[in-house]
Amino acid sequence: MRGLETVIGLEIHVQLATATKLFCGCRADYFAAPPNTLTCPVCLGMPGALPVLNRKAVEYALRVALALGAQVKRRSHFDRKNYFYPDLPKGYQITQRQVPLAVGGELRFWVEGEERRVRIRELHLEEDAGKLVHTPAGALVDMNRCGVPLVEIVTEPDLRTPGEAKEFLRALRTLLRHLGVSGADMEKGELRCDANLSLARDGEWGVKSEIKNLNSFRGVERALAAAAAWQRERLERGEEIRLATFGWDEGRERLLLQRAKEEAHDYRYFPEPDLVPLEVSEELLEKVRAGLPELPWARRERFVREYRLSSREVEVLLGEPELADYFERVAAAVGEGREAANWILTEVLRFWQGSPPLPAEELALLIQKVRKKEISRTTAKELLEEAIGGKESLERLLAGRAVRQLTDEAELEKLAREAMSQHPQAVADFQAGKTQALGFLVGQVMRKTKGRADASKLAQIFQRLLAS
Ligand SMILES: [Zn+2]
């Protein structure tokens, strides 16, 4: 057992967010569509129907390839992978096996603040199959997903722990969303993962355990941990490890042995005769390269440098590009990023549902008012919730309340003295060493002034008065 390490590689299927399918004009956003409504003779594999390659899907795949720094093959082609399954009406899947679209490259990501790089072996285009829907009455088949474009990304065995594999996938999701090529939502099946694991020496593959169709980040981590334990137990008993393929029971968190590799399929691959080879021109490559956005790792470094954000904060902001964009707009309007990040992460994020719950300018205005001490933080939070929940704009709410923070020393002191005479027990408690009584007194004044009092100034005044 000594000297053995966990070696993990992933095969990831990414559903591309093109309007139409890979080889026909059917709509590709099948997720909420009624079964079998997005089909045509091409994606149903009718005799004589001919596929035509979707240019947008190629551009999206190239975007991913270039962002990963992969080397794009100027000439690749499609192959038929033949197998029989009820959700595959053609009897074969069109994929790229012999010559993939791109090879090499790497994904940069961070695990607990430390940078990792995982090499990419290859990236290719292929079509999805349909779906079996299991009902009490039996299995039904829905062909809407047939022909939906996928990019398959295969990594080198560079991952060393299940947790790292999960972070890699998160980082890949962030990249795909920044590139605008996929929703990359694992729950919707837009990002699916097969994982290979072995216990081995020197980062080389040992005997692999493969886990198919993982569709949650937690599932990836838990299933890999279970596969590592499965191999370790066998090695400890002195047993030989055989190649095996597992499924993952998400609910019970258990591996399900599907097959030993000895019965592996022979897919009888051969070049797809109905499609010409895929030629990628210099012009197209340049166009795609020029259209790449700032990549997440560059953006991440800039956020840490420019705004002094922590690793964790940046991760949350970059997880959704719209959130990161929103943050940058607020930071620009406030003229500072640190406060903007605090407000977004602690107050706005819980109302976030894919889009800003409040315009960036309004949030910036609120932050500025707090910084200028025109309103207290407490009032600002109340107004923020009101503005998000209601129909009135923040500006109107501010005007309506005509709020101005109470910072006047004399006035605050008067209020403090009042609170002390009304709550002698709290004063006695504080003087007996119960420091939490101070918070109680401050709270009384805040309540009386409806949050307008400057809480930190008030606390200082109380401390002075209570000490004398
Ligand atoms: Zn179709």
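**Briefing on the predicted model**

In the second largest pocket, the lining residues comprise 11 nonpolar, two polar and nine charged. The model is a predicted one. The pocket in question lies between domain 1 (5–288) and domain 2 (294–401), because both of these domains give residues to its lining.

**The second largest pocket**

- The space in the second largest pocket amounts to about 460 Å³.
- Its lining is made up of 22 residues, and those nearest the centre of the pocket are T174, E315, V316, L318 and G319.
- Four elements, namely β7 (106–111), α2 (162–179), α5 and α6, each contribute at least two residues to the lining of the second largest pocket.
- Helix α2 provides the largest share of that lining, with seven residues.

**Domains**

- The domain assignment divides the protein chain into domain 1 (5–288), domain 2 (294–401) and domain 3 (409–467).
- The centres of domain 1 and domain 3, taken over C-alpha atoms, are 62 Å apart.

**Helices α5 and α6**

- Helix α5 spans residues 296–307 and helix α6 spans residues 311–319.
- The two helices pack at an angle of about 135°, and their axes are 10 Å apart.
- Helices α5 and α6 are therefore oblique to each other.
- Where α5 and α6 cross, the crossing is right-handed.
- Both α5 and α6 also supply residues to the lining of the second largest pocket.

**The cavity**

- The largest cavity has a volume of about 50 Å³.
- Residues C43, L88, P89, K90 and Y92 are among those that line the largest cavity.
- The lining of the largest cavity also includes E127, D128, A129, C146 and G147.
- Sorted by class, the residues lining the largest cavity are six nonpolar, one polar and three charged.

Technical notes
Residues numbered from 1 in each chain as written. Predicted model: local features only at pLDDT ≥ 70, side-chain atom pairs only at ≥ 80, totals over all residues. Heavy atoms only, no water. 1 Å grid on protein atoms, 1.4 Å probe; cavity = no way out; pocket = protein on both sides within 12 Å on 5 of 7 lines; lining within 4 Å. Points joined across faces, edges and corners; volume = space filled by probe spheres on them. Nonpolar A, V, L, I, M, F, W, Y, C, P; charged D, E, K, R; others polar. Domains from an automatic or database assignment. Axes fitted to C-alpha atoms, helices over the stretch in contact; angles between N-to-C directions. Parallel < 35°, antiparallel > 145°, perpendicular 65-115°, else oblique. Left-handed = near helix turned anticlockwise from the far one by under 90°.
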